[in-house]
Structure formats: structure tokens, C-alpha cells
Amino acid sequence: MTRGFMDLRGWLALLEKENELRRIRAEVDWDREIGAVSRRALEKKGPALLFETIKGYRGGRCTKVLTNALGDRRRLALALGFPKDVGNAELVQYVMKKNRETIPPRVVTTGPVKEVVVRGDAVDQTEFPVPRWNFREGGRYIHTFSAIVTRDPDTHVMNVGIYRGMIGKKNTTPFLLIKGGQHWGAHFVKYAGKGQPMPVACVIGWDPIMPFLAGSPLPTGVCEWDVMGAYRGEPAQLVPCETVDLEVPAGAEIVLEGFISDDPATYESEGPFGEFTGYVSDVPTPRPTMKVTCITHRREPIFQGCLEGTLPGSYSENSVMSSVQRAAIAWNILTGAGIPGIRDVYVHPITNGVNVCVKITKHYQGQPKQIAAALWGNAAAQYRYKHVWVVEDDIDVSSYEQIDWAVAHRVNAGEGGIVIFPGSFGSPIDPSTPLEDRNVAQLGTGLWNRVLFDATRNWKFERRAEWGGERFPPTVRPAPEDEARVRERWQEFGLGDV
Ligand SMILES: Cc1cc2nc3c(=O)[nH]c(=O)nc-3n(C[C@H](O)[C@H](O)[C@H](O)COP(=O)(O)O)c2cc1C
């Protein structure tokens with residue numbers, strides 16, 4: 001299944017060959033219009049979009065914007081080397097395996113990303129056609145799908161994550177940088193402890209494996225470049241940055257380098273932003289801000305961003321990726337915790353993994369609570385796994401109807417069927433959390449009341465002979481022999497067309 005790395009242009013060529021890309025040559029406005037077109041394309045389960053003529057950017061440093069590239073399961077399957085119609089379980093199993101493998105990158109001296117180098121005063125982020133994705137947003141979000149690279153100052157291991165950032169001044173970028181829960185936040189705390197600003201590199205546009213892994217919580221200390229190598233079956237080729245001690249893909253489209261200080265005097269206002277939750281949340285808030293020291297890019301670079309926010313009927317790129325990654329990561333956590341009987345883990349894309357459904361063969365009564373505790377005790381539960389559903393193996397976790405049936409008739413809240421775990425670490429952008437509980441400056445991250453729905457049959461109930469030795473009564477399904485006979489005689493009953 002391994003395929004070697006491809007740069008963004010190779011990815012576009014593959015999408016075009018598979019009829020999964022549209023080039024839009026009509027002029028569009030970066031201000032609101034690109035976002036609105038992208039939303040409609042998501043609603044229609046449409047292709048990736050390459051905008052080639054952007055108002056005010058003809059003949060400029062950068063003239064093209066790519067969105068929706070991973071905005072459908074078909075394209076995620078292609079990015080991972082599978083046929084477009086691969087099933088969810090097969091993808092999840094593959095990702096579980098690959099997330100645990102590594103092939104370290106190779107550092108080379110130069111590459112296409114160094115074709116143009118812009119330093120110091122010449123840096124101007126507005127030379128890129130960065131969309132204002134949504135009319136309610138506080139600015140132009142340059143980092144929505146960028147891979148943000150930092151290095152642990154103690155171990156020197158790099159981390160690659162997706163964290164949103166908005167253009168502040170022409171050379172500044174305030175970020176939603178939370179100190180608790182995410183890996184660059186942990187690096188930031190360490191640099192601040194040493195009284196140093198944190199070096200950062202923001203990589204825009206490369207192999208689609210980059211956002212797929214950058215947007216997913218791999219365990220602390222695991223370098224995403226190594227895991228990307230395992231997915232592609234060869235080392236990623238990286239080049240050293242110009243002004244920071246970090247390495248980035250030699251074939252990337254655009255790289256912005258700089259530093260983020262923890263001095264509140266350097267903070268700039270960020271937000272509101274159209275969040276993955278589907279809500280525009282966050283009042284403008286002073287945030288840690290990157291000072292951009294250098295930009296390197298390919299000739300005629302392609303800017304890539306993602307329209308965040310999932311609504312019923314339109315799933316963002318984040319939800320498409322999360323539905324596979326967040327399920328795979330949860331399953332690996334549960335296996336690593338030694339919990340038996342995990343049969344399936346499913347994330348409905350609409351929830352982005354805020355809700356997760358686990359199917360088990362029940363081995364003991366306390367197993368669902370053990371599952372919830374294992375997930376909630378893991379750093380990957382930042383922003384995710386707020387609600388954990390546990391069902392048994394007669395329930396298809398990909399079916400809301402089946403889950404609902406199990407919840408209706410197997411959950412007894414007074415018998416421990418619903419467990420609330422209050423005051424846990426959690427998302428600072430959840431609109432159901434009171435503002436005082438998502439004061440990141442004070443609390444480090446948000447506070448969540450997490451909930452387990454144990455929709456498994458209660459083992460405190462005695463097995464009864466009249467129920468065939470089960471703890472729950474039999475269902476209304478006819479006897480198998482009756483079903484078989486009816487199937488045979490269906491035509492005879494005059495029901496063949498039903
Ligand atoms: C499109 C997209 C946008 C994201 N935006 C943010 C964000 O603004 N802030 C944030 O903290 N996490 C964001 N995430 C989630 C992080 O990327 C994710 O938690 C990841 O695990 C972070 O990397 P780390 O685990 O190495 O810290 C986003 C993910 C995706 C896919």
C-alpha cells in the first residue's frame with residue numbers, strides 16, 4: 001500500500017486524474033466568497049477546488065488557492081493509497097497500524113521550497129490570497145491546514161500539528177495556542193521557562209499525509225515526520241529553515257518561519273473564528289503571536305487552506321480526517337490499555353470525534369467505565385471524546401438508529417448507565433461550556449464535563465432460564481426457521497415485489 005511521497009502538485013495531478021478536482025478560472029474574492037463556494041461544494045459532496053483567479057492577486061507573488069482537498073472520504077482514501085470506495089473499518093485498521101510505525105526523515109541541503117526567499121522587512125503575509133473564510137471571522141486565517149513545526153528544547157524531537165492562526169500585522173500571526181493538552185503548547189511552556197521565544201515553522205501545501213497526521217494527536221515524543229515516512233514507505237526529505245532551527249519538507253509550497261514569545265506585551269487579538277464545532281465562537285482574545293522572520297516558497301506557489309466547521313450535511317476536511325484518525329487513535333489507546341473485547345470504534349463525521357462509539361464483546365460489568373477512563377486519561381482526549389458511547393456486538397456503531405435503540409432500552413441512568421466525569425480537561429471552544437470554564441489564560445485549557453453512556457446490558461441482572469439463559473429478554477425477531485420458511489414462500493404470498 002506504500003506509495004512514496006508526493007508534493008502538492010503530485011496530489012493535484014492524482015485528484016485531477018480521478019476527476020476529484022475542479023479548477024475555477026472565474027475571478028473570486030478572497031473575502032467571504034472562497035469560503036461560501038467551498039461550503040456549497042462540501043454540501044454537494046463535491047470535488048476539491050483550485051481557485052486560479054483571485055481578486056487583487058493577478059500577477060502577484062501567489063495567485064492560487066486550494067480548498068476541500070480532503071473534504072470527502074473518497075479523496076482521503078486516495079491520499080492513503082486505497083480505492084475511493086474502501087470501507088471505514090479497513091481504513092481505520094490501516095491507520096491504527098501505520099500510526100505505530102516510523103521511518104525517520106532525511107535532511108537534504110535544498111529543494112524547491114527555497115526557490116524564493118523573503119526575509120525581514122520584505123515579509124508581508126497579505127501577498128498571499130488568504131481567504132476570510134466566513135463573514136463573521138475576525139480576520140484572514142492563514143493557518144487552517146498548515147503543518148506547524150516546533151521542537152522540544154530538551155529532547156530536540158520535532159512536533160508537527162495543525163493550529164489555527166490569523167494574519168495580524170503584515171508579519172505577525174496570533175494563534176490559538178493553548179498550553180495544556182497539545183504538543184506545541186508543552187514546547188511553548190518549556191521555552192517560556194527558559195526565557196526564550198519558541199521557534200516555529202508553518203508549512204503550507206505538501207503531501208496530503210501531512211495534514212492527515214499533523215491534525216491528529218500521536219503520542220507525546222513521537223515525531224510526525226517519522227510516522228509520515230512509515231505511511232509513505234520512504235524517508236521524508238526535509239530542508240533546514242533559514243532563520244529557525246527546524247526542518248521542513250523540501251517540496252513544500254510555502255513555509256513561514258518565526259518566533260512566538262510568552263511576553264503578554266507581544267500578544268495580539270485573534271478571533272472570532274468559524275470553529276470545527278460549526279459555531280463561530282470566541283470573542284476576540286489576546287493570544288500568543290508569531291513574529292514572521294522569513295518566508296520561503298516555490299515559484300508560483302499554491303496557497304492551501306481549509307474551510308473549518310461542520311454542519312449537518314456538510315463535513316469539513318477536519319471531520320473527514322477525524323472520522324478515521326480519531327477512531328484509530330481511540331482504538332489504539334484502548335488496546336494499549338489492555339482492555340479486552342474491543343470490536344469496533346466509530347466516529348460519526350458530524351461530531352469530529354467529540355462523540356465516540358465503541359463496540360465491545362462484554363467481558364465484565366465495569367468494562368465500559370474502564371473504556372471511558374482510558375480515553376479520558378489520554379492526552380488525545382483534548383478537544384475530543386467528550387461523550388463516549390459503549391454498545392455490545394449486536395449493535396452496528398456506524399448506525400445512529402442502532403445506537404439509539406441500545407440507548408433507549410439498555411441505558412438506566414440510576415444504575416450507572418450514565419456517568420458524568422466533571423471538571424476534566426477539555427475544549428476551550430465548546431459553545432456549551434460557560435466562558436469562565438474556557439478561560440485559557442487562567443486555566444491552561446477548557447474544562448469539560450465528560451459523559452459515558454453505557455448502553456450495554458447490565459450484568460447485575462440475573463440470567464433467567466425463560467430468557468434462554470440471558471440477562472435481557474429475547475427480541476421480537478421471529479425464530480430463524482420461521483424466517484427461512486417465510487423467505488421461501490414470499491412469492492407464493494404474492495409479496496415478491498415487496
Ligand atoms: C483542520 C484542522 C484545524 C485544527 N485547528 C486547531 C486549532 O486551531 N487549535 C488547536 O489547538 N487544534 C487544532 N486542530 C487539532 C490539532 O491539530 C490536533 O489536536 C493535533 O493533534 C495537534 O497536534 P499535537 O497532537 O502534535 O499537538 C485542528 C485540526 C485540524 C485537522
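Predicted model: local features only at pLDDT ≥ 70, side-chain atom pairs only at ≥ 80, totals over all residues.
Residues are numbered from 1 along each chain as its sequence is written. Local features need pLDDT of at least 70, side-chain atom pairs count only at pLDDT 80 or more, totals for chains, interfaces and linings use all residues, and side-chain values use heavy atoms, with hydrogens and water left out.

**View 1. Lys114 lies in the loop between strand 4 (106-107) and strand 5 (116-119).** Strands are DSSP runs of E with at least two residues, helices are runs of H or I with at least four, and both are numbered from the N terminus. Lys114 counts as buried because its relative accessibility is 14%; buried means under 20% relative accessible area, exposed over 50%, and partly exposed in between, with a 1.4 Å probe and protein chains only. Look for its side chain making a polar contact with the side chain of Glu242 at 2.8 Å. A polar contact is a pair of N or O atoms within 3.5 Å; within protein, one must be able to donate a hydrogen and the other to accept it, and residues adjacent in sequence count only if both atoms are side-chain atoms. Setting aside residues up to four places away in sequence, Lys114 touches Val239, Pro240, Cys241, Glu242, Glu257, Thr296 and His297, where contact means heavy atoms within 4.5 Å.

**View 2. Glu275 sits in the loop between strand 16 (273-274) and strand 17 (280-281).** With 2% relative accessibility, Glu275 counts as buried. Beyond four places in sequence, the contacts of Glu275 include Ser281, Asp282, Glu308 and Ile429. Thr310 is 35 residues from Glu275 along the chain, yet their C-alpha atoms are separated by 8.3 Å.

**View 3. Helix 4 (residues 88-98) meets helix 8 (residues 317-336), with axes that come within 8 Å and cross at roughly 55 degrees.** That makes helix 4 oblique to helix 8. Helix 4 contributes Asn88, Leu91, Val92, Gln93, Val95 and Met96 to the contact, and helix 8 contributes Ser323, Val324, Gln325, Ala327, Ala328, Trp331 and Asn332. Axes here are lines fitted to C-alpha atoms, for helices over the stretch in contact, and angles run from 0 to 180 degrees between N-to-C directions. Angles under 35 degrees count as roughly parallel, over 145 as roughly antiparallel, 65 to 115 as roughly perpendicular, and the rest as oblique.

**View 4. Helix 5 (residues 183-193) has His183, Trp184, Gly185, His187, Phe188 and Tyr191 buried.** The cover over these buried residues includes strand 7 (147-151), strand 8 (158-161), strand 11 (198-204) and strand 14 (254-260). After helix 5 comes Gly195, with a positive phi near 70 degrees.
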